Amino acid sequence: MSNFKVPLRDIEFALFEVLHFEEHFAEYCPSLDRSLTIALLEESARFCEQVLAPLSASGDIEGCRLVGGEVRTPAGFKAAYKQYCDAGWPSLARSVEYGGQGLLQSLGCVMNELTSTANYAWTMYNGLSQGAMHTIESHGSEAQKKTYLPALISGEWTGTMCLTEAHCGTDLGLLKTKAIPAGDGQYQLTGTKIFISSGDHDFADNIVHIVLARLPDAPAGTRGLSLFIVPKITINADGSLGDNNHVTCGGLEHKMGIHGNATCVLNFDGALGTLLGEPNKGLHLMFTFMNLARLGAGLQGLAHAELGFQKSVDYARQRLQGRSLSGAKNVSGVADPIIVHPDVRRMLMTQKALTEGMRMMAYFAAKRIDIVQHGQYEAQRQGAHDILSFITPIAKGFMAEAGFESANLALQCFGGHGYIREWGVEQNLRDCRIASLYEGTTGVQALDLLGRKILLSNGSLLGDFAQCIERFCKEAANTAELSPYVESLTRLHSEWLAITAKIGERALVNADEVGAASVDYLMYCGYIFLGYMWARAAKTAVLALATGTSEPDFYRAKIDTAQFYFERILPRTLSLAVTMNSGADNLMNIAEDHFSF
Ligand SMILES: Cc1cc2nc3c(=O)[nH]c(=O)nc-3n(C[C@H](O)[C@H](O)[C@H](O)COP(=O)(O)OP(=O)(O)OC[C@H]3O[C@@H](n4cnc5c(N)ncnc54)[C@H](O)[C@@H]3O)c2cc1C
């Protein structure tokens with residue numbers, strides 16, 4: 001049985017108290033306010049706790065099946081999807097013009113977090129659809145929007161993202177799928193895509209594939225990629241469904257986790273599609289999809305961290321083993337609950353600090369998506385865009401890695417029982433593992449961050465984000481309770497800029513210096529970002545306690561967790577600074593045959 005509870009109070013704290021979403025909503029979506037948001041969250045929480053969470057373990061055990069060329073999802077998945085669509089959830093953040101509710105993408109991210117924590121494999125079906133809708137909304141022609149958006153927005157149809165082929169994952173320049181003009185403005189696509197999430201299923205009447213392919217005269221490499229919309233079933237001029245469009249599911253991957261989500265081999269055999277945007281600009285346009293999907297993969301880290309944390313705290317309170325080193329705490333019992341042991345507390349507090357910190361990190365990023373989409377002035381939109389493009393690889397890479405660390409600690413709290421299926425923490429760990437692989441591995445996010453976002457912008461994007469931290473430190477400088485946070489962040493702020501400059505200098509002489517430092521650099525940035533979030537949380541809590549609150553324990557717990565983060569997790573930046581500065585030689589001067597065994 002699932003005991004999952006949506007952490008509503010913490011979500012409210014992060015959104016409204018730390019990140020000031022009330023003012024944000026007033027500026028960018030006046031129809032949304034705090035009480036409406038809370039009502040929507042409570043409604044979604046009921047669905048997540050009562051409908052989705054109970055299907056997570058059964059979906060993992062049953063998995064998806066391929067029957068007569070069509071995918072069958074686990075029992076209960078399809079009915080839950082219908083209930084979700086009937087309640088209008090897929091349309092929440094989509095444009096009113098095509099049937100959406102016109103609310104903000106940030107709210108969509110929070111709702112995505114809720115369903116992801118309850119049942120990640122199920123959530124992926126709608127997650128991919130949201131990316132497809134966003135891509136068509138951003139780059140589609142009027143005719144394409146009219147044809148596809150209403151049915152996607154209502155949830156009647158779903159979407160996918162088709163990039164990967166057997167010989168090309170990270171290196172999309174190697175992609176071979178061909179798109180040949182059919183003479184009527186359409187294109188015939190031929191090729192095989194692998195690992196396509198939600199590529200086929202039984203939820204919807206049609207599936208809208210967003211496909212990267214190559215036109216006949218296209219240049220080699222990524223400059224020759226174009227983007228296409230290819231429906232599973234063709235669509236007649238009057239909008240009704242036509243024939244099968246020669247897109248078939250050639251197989252389902254047998255994988256480590258997320259068993260309830262169908263990961264498909266898709267064969268395109270002359271399937272008809274239309275060009276999305278301009279020819280040979282496909283990869284650029286696909287980033288609209290991928291950036292949203294990257295934040296979604298980051299949210300996945302948060303979701304598994306939250307679920308593991310909830311399960312392990314419950315267990316640590318009940319499991320009786322050993323006695324506290326400082327004297328028995330459960331004197332009438334045979335032993336103390338394991339929550340008395342410092343090492344178990346280390347594991348629980350690490351999960352709590354990472355999970356709640358990542359929640360603030362995710363919402364900080366989501367706020368910038370809203371400003372990019374709805375900002376009134378160009379400068380405002382550009383400013384948010386710059387910060388968002390800097391933090392997207394950090395949010396994706398760091399949250400996926402930290403989410404896995406957290407899910408792993410959750411399992412460790414259970415001892416051997418964690419390794420057994422019954423408690424659900426081994427499923428949580430298996431499901432989480434994919435987050436740092438798809439949507440670009442951590443290594444690829446790190447290269448994007450350090451190579452493209454930092455060095456190519458001459459550090460200006462880092463400067464914009466670092467200013468947020470600088471501003472916070474100035475504002476908090478006179479509050480005695482915040483001085484440990486301000487001192488650490490001030491030191492890290494200047495160390496960060498200095499390390500970046502040093503790597504930049506070394507990279508001018510040897511380009512491998514970027515790749516050698518990049519993953520450590522991404523994690524270093526993530527820890528500072530989280531430190532900034534925890535310092536803001538501490539500031540909010542100090543203020544609430546000073547001005548009077550009916551929840552003193554809640555706010556004291558925030559200050560305790562901020563202190564824990566700064567004393568026990570943020571110091572990881574010290575070792576990362578050393579490893580980053582060690583340079584590329586200890587990796588690249590090793591002869592290849594020294595890797596032999
Ligand atoms: C369950 C699942 C669902 C997926 N869903 C989708 C989907 O819906 N749509 C879709 O199109 N794809 C999907 N994928 C594919 C996924 O995005 C790719 O697996 C991923 O991008 C990595 O590509 P690859 O597996 O070919 O690894 P490779 O590219 O072969 O990488 C192998 C290793 O080499 C490293 N590496 C590669 N190139 C470089 C480089 N230039 N510099 C440094 N390191 C490098 C990588 O970081 C990695 O550690 C999915 C995959 C899985 C497993």
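Predicted model: local features only at pLDDT ≥ 70, side-chain atom pairs only at ≥ 80, totals over all residues.
The expected span of a helix is 1.5 Å times one less than its number of residues.

**Helix α16**

I checked the length of α16, which runs over residues 512-547. Its 36 residues should span 52 Å at 1.5 Å a residue, and I get 53 Å between the end C-alpha atoms, which agrees. I then looked for bends and found a kink of about 50 degrees, centred on S518. For burial, I count 26 of the 36 residues of α16 as buried, so the helix is largely enclosed by the rest of the structure.

I started with β7 (residues 225-231), where seven of seven residues are buried. Which side chains go which way along β7? I see L225, L227, I229 and P231 pointing one way, and S226, F228 and V230 pointing the other way. Both sets are buried, as all of these residues are.

Next I looked up the partners of β7. Strand β6 (residues 206-214) pairs with β7 in the antiparallel sense, over seven bridges. I noted V208 opposite P231 of β7. Strand β11 (residues 263-276) also pairs with β7 in the antiparallel sense, here over three bridges. For that pairing I noted I229 opposite T274 in β11.

From β6 I moved on to β3 (residues 157-162). In what sense do β3 and β6 pair, parallel or antiparallel? They are parallel, with six bridges. I picked out T160, whose bridge partner in β6 is H209. I also checked cover on β3: six of its six residues are buried. W157, G159 and M161 point one way from β3, while T158, T160 and C162 point the other way.

**Aromatic rings**

A search of the whole structure gave me 28 aromatic pairs. I looked at F390 and W496: their ring centres are 6.3 Å apart and their planes stand at 40 degrees, so I logged the pair as tilted. This pair links distant parts of the chain, with F390 in helix α11 (residues 378-413) and W496 in helix α15 (residues 483-509), 106 residues apart. I have both F390 and W496 as buried. They also belong to one aromatic cluster, together with F364, F465, F472, F529 and Y532.

Then I looked for charges over rings. The charged end of R9 sits over the ring of F554, 4.2 Å from its centre. R433 lies over the face of F404, and I have 5.4 Å to the ring centre there.

**Single residues**

While in α11 I looked up T392, which lies in that helix. Buried or exposed? I get 5% relative accessibility, so T392 counts as buried. I find T392 touching N291 and R294, leaving out residues up to four places away in sequence.

A477 is in the loop between α14 (460-476) and α15. I get 46% relative accessibility for A477, so I put it down as partly exposed. I also took the C-alpha separation of A477 and E487: 8.8 Å, for residues 10 apart along the chain.

**Positive phi**

Background for this entry: most residues other than glycine have a negative phi. I noted H246, a residue other than glycine with a positive phi near 55 degrees. H246 is found in the loop between β9 (241-244) and β10 (247-252). I noted E439 as well, with a positive phi near 60 degrees. Where does E439 lie? I place it in the loop between α12 (425-432) and α13 (442-455). At 15% relative accessibility, E439 counts as buried.

Terms used
Residues numbered from 1 in each chain as written. Heavy atoms only, no water. Phe/Tyr/Trp six-rings, centres within 6.5 Å; stacked < 30°, edge-to-face > 60°. Helix = DSSP H or I, 4+ residues; strand = E, 2+ residues; numbered from the N terminus. Buried < 20%, exposed > 50% of the residue type's maximum accessible area, 1.4 Å probe, protein only. Lys NZ or Arg CZ within 6 Å of the ring centre and 35° of its normal. Pairing = 2+ DSSP bridges. Contact = heavy atoms within 4.5 Å. Bend = angle between axes of the 7 residues up to and from the residue.
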